[in-house]
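Please open the model in a viewer and keep the selection panel at hand.

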Amino acid sequence: MLFVLKNGFILDELGELKKADVKVENGKITEIGEDLTIDGFEVISVDGQLVSTGFIDLHVHLREPGGEHKETIATGTQSAAKGGFTTIAPMPNTRPVPDTKEQMEWLQNRIKETAIVKVLPYASITNEQLGEELTNFSALKEAGAFAFTDDGVGVQSAGMMLEAMKQAASIGATIVAHCEENTLINQGSVHEGEFSKKHGINGIPSVCESVHIARDILLAEAAGCHYHVCHISTKESVRVVRDAKRAGIHVTAEVSPHHLLLCEDDIPGLDTNYKMNPPLRGKADQKALIEGLLDGTIDFIATDHAPHTEEEKEKGMQQAPFGIVGLETAFPLLYTNLVQTKILSLKQLVDFLTIKPVTAFGLAGGKLQVGETADLTVVDLETEEKIDPKNFLSKGKNTPFTDWSCKGWPTLTIVDGNIVWEKGGITV
């Protein structure tokens, strides 16, 4: 496919918007500049819109196999494309779990059959995520595992985590962790704070997360392993990661859009669209997450897209499952509430969704330059629209951001030089 994205804007190295055309030929970016020749090329007008390298989300849940009533690889990747994401990494908390070479091969085949964006699947650290026996890391990596995590449950045994990190280090793999010390969870449904006290609901204390991260960081140092912290949520966790980086330990961390934009003070009542794990913390935690992102303690932003059915979310704050969807709203929410308010620059936000995750995990791509694969996202920074879950392509409609007015909506998503989504519908 030969085409030119005509009359768009790109971000230069200084973060300034610069008018430019982007020429794509056989899946590669072949030219970037003003007033490019178009002979023989299809012209796609993107007048005044931002042209970015495609967004990358290294923490999503696609639910297939075993949870197809919530999401499938097909619907999840369609949702990703609508959100401007060209690469996503799904967690292994499916049933069955991708914990064997055969299961990983089945998953890879299913991805080839139904995904419309690039998918990098995680394998589990332990069989069935039970924390009792390690998986065969070498076989799973050979079958295509992106990295290893028991996301959804923290590995409770320090000895088992150390051995996992040693094995991961020996094959150049990364251990990715959802951090919760089970003896401190307290059967909580929300953060242990003012909201939990007011409503008489068991709370999850902040130390439940930070103590687990601190343990794992020291284990990673001993093992010489790259250790990545999922959806960091507390000020104490940020401090622990900051200190570890200063000590030269190979640790990286991500934060979700909802933890950057909301805290427990924003929960309007017993609305389960505000129930996620880790929970929305206090105002001081929210402030520390933004500071950690700005000073480099937190490496990038990931959505933790977690679709559930309406019936499941209607079970009440203590019984409903944790999690909200995020792929289709991440960029508009972050652009409107962090860039337009001048907390982040546009370049910082784009970097947190492109080059930063690429750098943290040593992946290819993430840059808008000649010779790179044409994974591209076009964004309308001007048109304001309200978030309406009925319009989501995800099966999940569970979001606390309904009716929020946002700018920064993706209008075109391109993978390997092929248009996979454009405003108005899926194109493949």
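Two strands are said to pair if DSSP finds at least two bridges between them. In this predicted model, begin by selecting strand β7, residues 85–90, together with β8; these strands pair in the parallel sense over 2 bridges.

The 3 strands form an open sheet in the order β6-β7-β8, with parallel pairing. The edge strands are β6 (55–60) and β8 (118–119), each of which pairs on one side only.

Now colour the chain by domain: domain 1 covers 2–51 + 373–422, and domain 2 covers 54–365. The contact between the domains takes 38 residues from domain 1 and 44 residues from domain 2. The centres of the two domains, taken over C-alpha atoms, are separated by 26 Å.

How much area is buried between domain 1 and domain 2? The area is about 3200 Å², and carbon and sulfur atoms give 66% of it. Select K395, N398 and P400 in domain 1: these residues lose the most area to domain 2, together 21% of what that side buries.

Finally, consider the polar side of this interface. Between domain 1 and domain 2 there are 18 residue pairs in polar contact, and 2 salt bridges are found across the interface. On the side of domain 1 that touches domain 2, select β19 (409–415), which gives the largest share, 5 residues. The residues of that side divide into 20 nonpolar, 11 polar and 7 charged.

Methods:
Residues are numbered from 1 along each chain as its sequence is written. This is a predicted model: local features need pLDDT of at least 70, side-chain atom pairs count only at pLDDT 80 or more; totals for chains, interfaces and linings use all residues. Side-chain values use heavy atoms; hydrogens and water are left out. Helices (H or I, at least four residues) and strands (E, at least two) are DSSP runs, numbered from the N terminus. Domain bounds come from an automatic or database domain assignment. Contact means heavy atoms within 4.5 Å. Buried area is the accessible area (1.4 Å probe) that two parts lose on being put together, summed over both. A salt bridge is a side-chain nitrogen of Lys or Arg within 4 Å of a carboxyl oxygen of Asp or Glu. A polar contact is a pair of N or O atoms within 3.5 Å; within protein, one must be able to donate a hydrogen and the other to accept it, and residues adjacent in sequence count only if both atoms are side-chain atoms. Ala, Val, Leu, Ile, Met, Phe, Trp, Tyr, Cys and Pro count as nonpolar, Asp, Glu, Lys and Arg as charged, and the others, Gly among them, as polar.
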